[in-house]
Amino acid sequence: MDYLNTKGRIFDIQRYSVHDGPGIRTIVFLKGCVLRCRWCCNPESQEYRIQTMKVMGEEKVIGRDTTVAEMIAEVEKDRPYYYRSGGGMTLSGGECLCQPEFSRDLLRAAKERGINTAIESMACADFEKIRRLLPYLDLYLMDIKHTNPEKHKEFTGRSNELMMENARKVALSGQTRLIIRVPVIPSFNDTVEEIRGIAEFADTLPGVEELHLLPYHRLGQDKYEGLGREYLMDGILPPEPEKMKTLKMAAESVSSLRVQIGG
């Protein structure tokens, strides 16, 4: 049972969520990310180090260290909601693959207790780290943000080849259910042509049946001020509902996927 002593660093736990997986879920947010997406709604997740952020005028410590044993005890408090709704635990961030051992062992602890597991991840990591998670993973919610490597790098800080390669490897493994998610960001990937390109790619992945289009929002904007950082998407407005419907139809027109807005 040594794996229960594996240490990790989190910055939040969200209970009773109806997003990021089926049913009612407990979402564990891990510190650390390799990308620097301009629109990131959790900028406090990007640095692995423990930080302070001003929230409502007060300094708040962001990040705390924990063990798998401590965290699974927190997750199990919500077990009655999982049974009733078909929910479970989702790891998010940041990027949970930045803490691969902690993520693997926390997923293992959940699976051994009969709790449904999911991760929300960009797959920007060596595939070996992903491979070690798969035996304990029921659902992989994978972001594919763009098919153009240069534009992807311009807006996120990294090219996309590794992520698209890992998407194919996860799909070919057949070990977990894979859903492709697209954050729809005005000025980045909100044209019909760009969404069609992502849908066409997702449609080539074995076993993938769903594509979720997630409209950009500004809910994390105040966090940048709290961290003393500039919000690079200032002036960019969320896409209108009609625009999202148009993009949904565009994705459906070039794929056999079930496409939904939100997820």
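## Helices and strands

The protein has 9 helices and 11 strands; helices are DSSP runs (H or I) of at least four residues and strands are runs (E) of at least two, numbered from the N terminus. This is a predicted model, in which local features need pLDDT of at least 70, side-chain atom pairs count only at pLDDT 80 or more, and totals for chains, interfaces and linings use all residues. Residues are numbered from 1 along each chain as its sequence is written, and side-chain values use heavy atoms, with hydrogens and water left out.

## The nonpolar cores

Let's look inside. The largest nonpolar core holds 54 residues, and Tyr140 and Leu211 have the most contacts inside it. Such a core is a set of buried Ala, Val, Leu, Ile, Met, Phe, Trp, Tyr and Cys residues joined through side-chain atoms within 4.5 Å. Apart from it lies another core of 15 residues, including Met122 and Tyr216.

Of the 263 residues of the protein, 52% are buried (under 20% relative accessible area; exposed is over 50% and partly exposed in between, with a 1.4 Å probe and protein chains only).

## A visit to Pro215

Pro215 sits in strand β10, which covers residues 210-215. With a relative accessible area of 34%, Pro215 is partly exposed. Leaving aside neighbours within four places in sequence, Pro215 is in contact (heavy atoms within 4.5 Å) with Val184, Pro239, Met244, Ile261 and Gly262. Asp190 is 25 residues from Pro215 in sequence, and their C-alpha atoms are 9.4 Å apart in space.
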